[in-house]
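I record what I looked up and what I found.

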2 protein chains.
Amino acid sequence: MSIRQLAQDCRQAAQQVAALSSEGKVALLLAMADALQAHSGQILAANAEDLRNAAAKGMTRSMLDRLRLDAARLADIADAVRHIAALPDPVGRVTRSETLANGLQVERVRVPLGVIAMIYEARPNVTADAAALCLKAGNGVLLRGGSEALHSNTAVAAALHEALRAHGVPPAAVSLIRDLSRGAMIELLQQTDAVDLAIPRGGEALIRFVAEHARVPVIKHYKGICHLYVDKALDLDIALRLLIDGKTSRPAVCNALETLLVHRDVASFFLPLAAAALLERGVELRGDERTRALVPQAKPVTDEDYATEYLDLVLSVRVVDDLDSAIAHIQKYGTDHTEVIATGDAAAARRFVEALRSAVVMVNASSRFSDGGELGLGAEIGISTTRLHAYGPMGAESLTVERFVVRGEGQVRHPLPMPA
Amino acid sequence: MSIRQLAQDCRQAAQQVAALSSEGKVALLLAMADALQAHSGQILAANAEDLRNAAAKGMTRSMLDRLRLDAARLADIADAVRHIAALPDPVGRVTRSETLANGLQVERVRVPLGVIAMIYEARPNVTADAAALCLKAGNGVLLRGGSEALHSNTAVAAALHEALRAHGVPPAAVSLIRDLSRGAMIELLQQTDAVDLAIPRGGEALIRFVAEHARVPVIKHYKGICHLYVDKALDLDIALRLLIDGKTSRPAVCNALETLLVHRDVASFFLPLAAAALLERGVELRGDERTRALVPQAKPVTDEDYATEYLDLVLSVRVVDDLDSAIAHIQKYGTDHTEVIATGDAAAARRFVEALRSAVVMVNASSRFSDGGELGLGAEIGISTTRLHAYGPMGAESLTVERFVVRGEGQVRHPLPMPA
């Protein structure tokens with residue numbers, strides 16, 4: 001089937017998803033979770049085939065690990081779908097209501113976006129997760145995963161389709177795209193009549209490709225260069241905890257720290273302790289001259305380092321003259337993802353929050369909380385550094401938009417004498 | 001100066017706009033309004049030159065009228081800026097706040113988008129209006145008006161720049177683009193590093209050009225085919241009022257009615273009365289066969305008519321079997337702008353509202369209220385039928401986005417033993 005036809009069919013099916021009641025959506029998502037586990041034999045067999053092909057092609061161990069499913073991981077995926085089922089329904093929520101002087105009652109009410117195109121790489125869990133979140137918010141979804149996971153994704157989609165059919169929703173509401181050519185992706189990204197939003201998730205090259213070719217709206221983030229600024233009003237214990245958690249608890253994710261900025265007044269006290277803790281955990285340090293005077297193990301840092309998302313156990317370190325210098329550094333090198341200040345000074349915290357317009361700004365909390373699940377959204381379809389529609393972690397609500405519902409009793413703008 | 005440089009300078013200047021306090025923005029906008037009136041001599045002289053050039057080129061009377069300024073219209077423009085000054089500041093507003101189980105305090109706070117590119121045609125009032133709304137929401141703005149209004153827009157911008165300078169804001173925060181070539185517009189629409197959003201306002205050709213060439217996000221509406229459905233639970237007085245106001249009070253605007261759908265049970269009673277009132281006001285009627293059986297003056301309607309935004313005293317009319325047929329007609333021909341039901345039946349109203357996902361759905365109120373000023377937004381930068389970010393009339397708040405501010409006391413995701 002052509003990409004255009006797939007997208008049009010998804011749009012049609014999405015109208016039926018939008019018409020489901022909250023209870024209907026809960027039942028559908030629970031059935032999807034059950035179907036994933038009922039189909040575990042087929043899904044794991046398909047995954048084994050993907051793993052064999054990937055190993056034969058020489059895929060790295062860490063990528064193989066991301067691709068691998070087993071019974072426990074599949075149970076986690078099903079549980080994640082059940083968790084999404086239990087979230088509040090964002091659709092139909094009245095966010096504002098007022099009665100105007102002329103008696104018109106004006107409400108803002110959330111409606112689904114329509115059809116979401118998810119474009120992602122080799123993690124088969126995204127297939128079930130994204131489908132569940134899009135359906136929860138009343139949308140259809142077009143899933144374009146990586147070629148390495150095609151058999152796994154096909155088996156997952158087959159399970160989901162069984163649940164959709166059982167609930168009277170056309171399987172086209174969750175469509176897996178099996179033509180993984182670049183031409184097909186470009187065609188998908190140009191279906192302005194059928195696709196309301198594209199969300200790319202993966203490496204920077206994939207995301208730039210999507211942004212370059214899309215005619216449909218795209219919400220994305222290229223990279224997360226997250227900063228921790230340690231202020232002169234220092235609580236040593238808090239600053240060290242945020243640093244170690246931010247850099248070492250999971251270095252390969254976008255909310256890990258990439259740069260440490262330290263106020264010069266506390267650098268000689270803080271940096272040697274911080275460096276010892278990081279070096280002990282295998283972190284490579286790259287510092288400016290003032291840092292290297294205090295931490296001889298640090299290599300010289302470059303401008304390019306400051307602009308690099310290492311996604312690894314490497315950290316850029318810089319001593320700054322004051323809060324404003326830290327802010328200026330972040331404004332220059334930041335990617336609008338997540339910035340953290342460690343300070344005991346409320347005024348400094350306020351200034352940091354107000355001066356920076358990144359998607360997430362934190363005071364005395366780890367950058368690793370910059371995640372939809374951790375920030376109370378219940379789940380996450382992605383993180384946006386596009387300063388439009390959604391900014392920061394995106395949950396089910398980000399897959400809806402507010403529209404106007406107006407109720408009157410015959411009000412008009414220009415009252416005229418009525419005809420006889 | 002190159003478009004790229006203009007956009008970068010605007011981005012820099014926008015940071016200073018974003019840093020203004022609410023009071024600072026009010027003072028700036030009031031000064032802008034005063035400057036418009038203080039410069040009225042220069043602005044009206046520049047407008048006279050535009051009018052001479054336009055007349056020499058054979059511009060139509062109605063377009064000349066839209067281009068024309070006089071002292072009264074300029075006073076209205078200044079008053080509109082004062083009105084925007086007095087609106088609540090959307091920036092810094094905390095829209096949600098919760099404390100999570102781990103003690104993190106998570107707030108959603110509105111921040112400016114950054115830089116808006118406004119692309120519009122020959123109405124010089126948009127120049128002042130758009131500048132005021134963008135500044136109110138803490139943004140910079142790049143203004144690309146029509147060539148017919150270039151002298152007027154230049155004079156208006158000069159007045160605004162005087163106020164900006166007097167308030168310590170670089171004039172680049174409100175930049176008028178003077179290179180009106182297609183190449184320059186395409187370049188503007190590709191400044192993804194500097195421009196956060198493009199809003200085109202004007203004819204469908206302009207908007208399609210913008211959508212076609214933009215790499216920056218675009219919020220737009222192509223056309224407004226607004227429908228009035230007259231239900232069988234008829235209040236004659238209300239239905240007639242909504243019809244006459246919607247079609248005749250200002251037919252050339254996007255929230256005017258283009259199509260009337262009438263339930264067959266009331267058609268023989270309602271349509272002759274409605275037709276008499278409309279014909280008396282010079283409206284041309286185009287109807288389906290059942291309509292023409294009741295209203296002989298109606299010409300035959302075509303599928304193309306149903307898909308046409310007349311922007312004129314012409315109305316498509318169709319008799320439908322029931323509410324669901326009306327909904328199906330709107331789903332097929334609608335443009336997601338504004339739909340109205342006239343009914344005394346609460347269940348029918350609810351079904352109409354729920355089944356349609358247009359930006360504005362109204363019960364017993366005129367489509368002509370589909371406007372930011374009329375719906376309580378205080379002012380309007382445009383209307384969006386892009387189902388993303390903003391859907392329907394857009395006020396100052398639509399020029400901001402919610403981000404996350406998180407406050408903790410040293411919380412981390414993976415507590416570890418601390419180093420000595």
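The entries below run from the conventions to the whole chain, and then to single sites.

**Conventions.** I worked with a predicted model, in which local features need pLDDT of at least 70, side-chain atom pairs count only at pLDDT 80 or more, and totals for chains, interfaces and linings use all residues. Residues are numbered from 1 along each chain as its sequence is written, while chains are lettered from A and ligands numbered from 1 in the order in which they are written.

**Chain A overall.** I looked up the secondary structure and found 15 helices and 16 strands in chain A. Helices (H or I, at least four residues) and strands (E, at least two) are DSSP runs, numbered from the N terminus. Along the principal axes, the C-alpha atoms of chain A fill a box of roughly 85 × 70 × 35 Å. I noted that chain A has 420 residues, of which 55% count as buried. A residue is buried if 20 or more other C-beta atoms lie within 10 Å of its own, exposed if 12 or fewer, and partly exposed in between, with C-beta atoms placed from the backbone. For contacts in chain A between residues at least 6 apart in sequence, I read that 71% join residues at least 24 apart. Two residues are in contact if their C-beta atoms, placed from the backbone, lie within 7 Å.

**Domains.** Chain A is divided into domain 1 (3-219 + 400-405) and domain 2 (226-369); such bounds come from an automatic or database domain assignment. I found 36 Å between the centres of the two domains of chain A, taken over C-alpha atoms.

**Relation of the copies.** I asked how chain A is laid on chain B, and found a turn of 180° with a shift of 0.0 Å along the axis, at an RMSD of 0.1 Å. The two copies are therefore related as by a two-fold rotation axis. Superposition is by least squares on the C-alpha atoms of residues with pLDDT of at least 70 in both copies. The contact residues of chain A recur in chain B at 100%, so that the same surface serves both copies. Within chain A, His389(A) comes closest to the rotation axis, its C-alpha lying at 1.9 Å.

**Helix pair.** I then examined helix 10 (residues 236-248) and helix 11 (residues 264-280) of chain A, whose axes come within 11 Å and cross at roughly 35°. Residues in this contact include Leu240(A) and Ile244(A) of helix 10 and Phe270(A) and Leu273(A) of helix 11.

**Val81(A).** I located Val81(A) in helix 5 (residues 71-85) of chain A. Val81(A) is buried because 28 other C-beta atoms lie within 10 Å. Leaving out residues up to four places away in sequence, Val81(A) touches Leu29(A), Met32(A), Ala33(A), Leu36(A), Ala128(A) and Ala132(A). Val81(A) and Ala131(A) are 50 residues apart in sequence, yet their C-alpha atoms are 8.9 Å apart in space.

**Positive phi.** Asn364(A) is not a glycine, yet has a positive phi of about 55°. I placed Asn364(A) in strand 13 (residues 360-365) of chain A, where it is buried, with 22 other C-beta atoms within 10 Å. Asp336(B) also has a positive phi, near 65°. I found Asp336(B) in the loop between helix 14 (323-333) and strand 12 (338-342) of chain B. Asp336(B) counts as buried because it has 24 C-beta neighbours inside 10 Å.

Methods. Axes are lines fitted to C-alpha atoms, for helices over the stretch in contact, and angles run from 0 to 180 degrees between N-to-C directions.
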